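Here is my note on the structure for your reading group. Please keep the structure open while you go through the points.

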Amino acid sequence: GGWGKLQQLYAHNNLLATLPKSLVDLVSLETLTLSGNRLNTLPWNLAALSRLQEIWLDDNHLIALPKNLEHLPALRSLSCRNNPFPEGPELERATLLQEQFKDKAVEEALRAKEEEGKLVEIRIEDSQALLRNANKTLTTARE
């Protein structure tokens, strides 16, 4: 049907505990917003959504992220704050992935601004270190 052309799925605050396996059939999906649900796992084959650019997973019950999530070619934003990731490798991985994709988003915005000569919006949440890095990059670019 027409679901394969769906580009944005906003399913936040719906008390979802699981996701249908057919989620990976949404091959045109670019934005997936699942914040504020009761998810404790995500489909292992989420990386099949090669056009996915933004994933919002805040305020769920996640204890791990799919192992291949960082290989999504178009992914530029990942947010998974306020999940009970256990101390150790999974928490460290979730933190690193969020920072990696925030850095990628800032780099893309700065590159677009430089290439097009236009003002672009850069939105960064909950990351003072990233703000310092962005300011350092902007200062270096001006010199």
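**Notes on the predicted model**

1. Glu54 is buried, because its relative accessible area is 18% and the cut-off for buried is under 20%. This is a predicted model, and every value below should be read with that in mind. Glu54 sits in strand β3. Leaving out residues up to four places away in sequence, Glu54 touches Glu30, Thr31, Leu32, Leu75, Arg76 and Ser77.

2. The side chains of Glu54 and Arg76 form a salt bridge, with 3.2 Å from N to O. The pair links distant parts of the chain: Glu54 belongs to strand β3, Arg76 to the loop between β3 and β4, and 22 residues separate them. Arg76 counts as partly exposed, at 26% relative accessibility.

3. The overall layout is simple to list. The chain has 2 helices and 4 strands, and from the N terminus the elements run β-β-β-β-α-α. Of its 143 residues, 35% are buried. The accessible surface is about 9,000 Å², and carbon and sulfur atoms account for 52% of that surface. Among contacts between residues at least 6 apart in sequence, 28% join residues at least 24 apart.

4. Which residues touch the most other members of the largest nonpolar core? They are Leu42, Ile55, Leu57, Leu65 and Leu78, in a core of 25 residues. Helix α1, residues 89-116, gives the most to this core, with 3 residues. As background, nonpolar side chains in soluble globular proteins tend to be buried together.

5. Lys67 pairs with Glu90 (2.7 Å, N to O); Lys67 is in the loop between β3 and β4, Glu90 is in helix α1, and they are 23 residues apart. Glu70 pairs with Arg93 (2.6 Å, N to O); here Glu70 is in the loop between β3 and β4 and Arg93 in helix α1, again 23 residues apart. By the rule used, the count comes to 4 salt bridges.

6. Glu70 is partly exposed, with a relative accessible area of 27%, and Arg93 is buried, with 16%.

7. Ala74 lies in the loop between β3 (54-56) and β4 (77-79). Ala74 is partly exposed, with a relative accessible area of 27%. Ser50 is 24 residues from Ala74 in sequence, while their C-alpha atoms are 6.5 Å apart. Apart from residues up to four places away in sequence, Ala74 touches Ser50, Arg51, Leu52 and Gln53.

8. Most residues other than glycine have a negative phi. Leu15 has a positive phi, near 60°; Leu15 is in the loop between β1 (8-10) and β2 (31-33) and counts as exposed, at 54% relative accessibility. Asp59 also has a positive phi, near 55°; Asp59 lies in the loop between β3 and β4 and is partly exposed, with a relative accessible area of 40%.

How values were computed. Residues are numbered from 1 along each chain as its sequence is written. This is a predicted model: local features need pLDDT of at least 70, side-chain atom pairs count only at pLDDT 80 or more; totals for chains, interfaces and linings use all residues. Side-chain values use heavy atoms; hydrogens and water are left out. A nonpolar core is a set of buried Ala, Val, Leu, Ile, Met, Phe, Trp, Tyr and Cys residues joined through side-chain atoms within 4.5 Å. Buried means under 20% relative accessible area, exposed over 50%, partly exposed in between (1.4 Å probe, protein chains only). Contact means heavy atoms within 4.5 Å. Accessible areas come from the Shrake-Rupley method with a 1.4 Å probe; for residues, only the protein chains shown count as cover.
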